[in-house]
Amino acid sequence: MRIMLAPMEGVTDFHLRKILTGLGGYHRCVTEFLRVTDHLYPDRVFHKICPELKAGGVTDSGTPVYLQLLGSDTIALALNAARAVELGASGIDLNFGCPAKTVNRHGGGSALLRSPTTVANIVQSVREAVEPSVPVTAKIRLGFDDGSRVLETASLIEQAGATELCIHARTRADGYRPPAYWEQVYEVSRALSIPVIINGEIWSVQDSRLARKDSGCVDLMLGRGALSVPDLALHLKAVHDRGTGADDSVSTYQPLAWNAVVDMLRQLLESASDFPPKYAGNRTKQWLSYLKRGYPEATDVFDRIKRLRTVDDIAAALF
Ligand SMILES: Cc1cc2nc3c(=O)[nH]c(=O)nc-3n(C[C@H](O)[C@H](O)[C@H](O)COP(=O)(O)O)c2cc1C
């Protein structure tokens, strides 16, 4: 079982990727998306979204980072993918799942799922632009309005040369509303020869077990679950390595104490100096709001800092 850390725009930046992968358990992670229109970006743009490029495309703990591109212009995507790889990206991930209205209006993200052949053309164009040894992965939802074309889309993505496919088991119309329809991925995971990675609503050991069983997938991707329980990947691995049939209630896994989480919050806040002062605390606040689900202590802390602006004020209230 491999566990991937999901791309989350506005949250899983370089600093949080470093913190979360540093805890262990992740096979790879993905950058926030870089939106490609019709031109090749200058190098500094790639370095901004993926500072790991300067360290061989891996986080400090050695976890590979794939650079995610979003767009619909096959030529521009290919050019940018090739440049990202020249600069050191470990792989390219293509975003066909973003539900944002502005992105969709310009024909990007999940809007592309309305045309599986366009999706396949993009994958093929990027595949051909980089060396065969460089992974090119795709991330999709079940569909735009419904999931009726997911198998067709996935099969075309495979034929176009993708190395792996991650499926967020919801449509664009479902947004982020639970549940995730893991069972709708089953037919796809059976039909494809490339690995299919299940994603969506995996918050616990129990969820991961069900998600893998219902979807038929071996590997999984954690998004918000990894934010609410930072060491979730390690926990899943510990349980998985003990083998099926083992009793969860006697798990020897020691969850991360709240104090250790506070240390990581401090680390994230201290790294905020590369943001304009007005926004410096935003990512810390965002992470804390997800931590509320995993740690009761986070609610009180979040309420204390939510209206504070400067890093100093937030730090004083936090610690
Ligand atoms: C705040 C936020 C930002 C996201 N940004 C991206 C993104 O940049 N690229 C992408 O492919 N998916 C993005 N997603 C979707 C996640 O990668 C993931 O597919 C989704 O959250 C479902 O997984 P989860 O239930 O484990 O969170 C984002 C999700 C959230 C909540």
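Which residue in E5 is the bridge partner of Tyr66? The partner is Gly91; the points below place this pair in its surroundings.

1. Basis. This is a predicted model, in which local features need pLDDT of at least 70, side-chain atom pairs count only at pLDDT 80 or more, and totals for chains, interfaces and linings use all residues. Residues are numbered from 1 along each chain as its sequence is written. Helices (H or I, at least four residues) and strands (E, at least two) are DSSP runs, numbered from the N terminus.

2. Strand E4 and its pairings. Strands count as paired if DSSP finds at least two bridges between them. E4 runs parallel to strand E5 (residues 91-96), and four bridges join them. E2 is also parallel to E4, with two bridges; here Cys29 has Val65 as its partner in E4. Strand E3 (residues 34-35) pairs with E4 in the parallel sense over two bridges, and Leu34 stands opposite Leu69.

3. Burial of E4. A residue is called buried if 20 or more other C-beta atoms lie within 10 Å of its own, exposed if 12 or fewer, and partly exposed in between, with C-beta atoms placed from the backbone. By that criterion six of the six residues of E4 are buried. Val65, Leu67 and Leu69 lie on one side, while Tyr66, Gln68 and Leu70 lie on the other, so both faces are covered.

4. Crossovers. A right-handed β-α-β unit is made by E4, helix H3 (residues 74-86) and E5. The term means that, with the strands pointing away from the viewer, the path from the first strand over the helix to the second runs clockwise. Strand E8 (residues 196-199) is parallel to E9, with three bridges between them, and Ile198 has Leu220 as its bridge partner in E9. The chain passes from E8 through helix H8 (residues 205-215) to E9 in a crossover that is right-handed. Strand E1 (residues 3-5) and strand E9 (residues 219-222) pair in the parallel sense over three bridges; Leu220 is the partner of Ile3.

5. Helix H1. Because seven of the ten residues of H1 are buried, this helix is largely enclosed by the rest of the structure. The buried set comprises Phe14, Leu16, Arg17, Lys18, Ile19, Leu20 and Thr21. Their cover includes E1, strand E2 (28-30), strand E4 (65-70), H9, helix H11 (258-270) and helix H12 (282-294). Just after H1, Gly24 has a positive phi of about 100 degrees.

6. Domains. The bounds come from an automatic or database domain assignment, which gives domain 1 (3-250) and domain 2 (258-318). Their C-alpha centres lie 26 Å apart. Eleven residues from domain 1 and twelve residues from domain 2 form the contact, where contact means C-beta atoms, placed from the backbone, within 7 Å. On the domain 1 side, helix H1 (14-23) and helix H9 (224-228) each supply at least two residues.

7. Ligand. The ligand is surrounded by 22 residues, the closest being Ala6, Met8, Glu9, Gly223 and Arg224; a residue counts here if its C-beta atom, placed from the backbone, lies within 6 Å.

8. Glu158. This residue belongs to helix H6 (residues 150-159). Glu158 is buried, because 21 other C-beta atoms lie within 10 Å. Leaving aside neighbours within four places in sequence, its contacts are Leu165, Leu192, Ser193 and Ile194.

Notes: Contact = placed C-beta atoms within 7 Å.
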